[in-house]
Amino acid sequence: MNMLRLTILVGEDDQWHHRPLYTEIVHRAHQAGLAGASVFRGVEGFGASSRIHTSRLLSLAENLPCSVVIVDTEDTVRAFVSSLDDLPIGLAMLDPVEVVRPA
């Protein structure tokens, strides 16, 4: 089954109305009726600031990278992406995926 994967990269400390930005994205995906959403916390990474964030050094173990991954039909995902325009999202990627074992 051909689907579309949305991956949104955010910082662990990014906030939207006093709660984590990734939480807002997941809750919006749930309200929109998407098939599912998962948040993955990275152990190391850097973004536009070029500052490396890592969990290996206690002094830098802040604002680690997180990715929110959502997979659903192309139409559903594209409609959902447009509903995120008010959020301070830096990078969002769309990839075609083949789902081999649907729920």
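**Exercise 1.** What covers the buried residues of α1?

*Solution.* Before we start: this is a predicted model, where local features need pLDDT of at least 70, side-chain atom pairs count only at pLDDT 80 or more, and totals for chains, interfaces and linings use all residues. Residues are numbered from 1 along each chain as its sequence is written, and side-chain values use heavy atoms, with hydrogens and water left out.

Step 1: find the buried residues (under 20% relative accessible area; exposed is over 50%, partly exposed in between; 1.4 Å probe, protein chains only). In α1 they are Leu21, Glu24, Ile25, Arg28 and Ala29. Seen down the axis of α1, these fall within an arc of 135°, taken from the directions from the helix axis to the C-beta atoms, so they line one face of the helix.

Step 2: check the other side, where His30 and Gln31 are exposed.

Step 3: name the cover. It includes β1, β2 (15–16), β3 (19–20), β4, β7 and α2. Helices (H or I, at least four residues) and strands (E, at least two) are DSSP runs, numbered from the N terminus; contact means heavy atoms within 4.5 Å.

**Exercise 2.** In which order do the four strands of the open sheet stand?

*Solution.* Step 1: the order is β4-β7-β1-β8, with antiparallel pairing. Two strands pair if DSSP finds at least two bridges between them.

Step 1: look at the edges. β4 (37–41) and β8 (91–98) each have a single partner strand, so one side of each is left without a neighbour in the sheet.

Step 2: zoom in on one pair. β1 (residues 2–11) and β8 share eight bridges, and asparagine 2 has glutamate 98 in β8 as its bridge partner.

**Exercise 3.** Which residues do salt bridges that share partners join into one network?

*Solution.* Step 1: start with glutamate 24 and arginine 19, whose closest N and O atoms are 2.8 Å apart.

Step 1: follow the shared partners, and you get Arg19, Glu24, Arg28 and Asp86.

Terms used:
A salt bridge is a side-chain nitrogen of Lys or Arg within 4 Å of a carboxyl oxygen of Asp or Glu.
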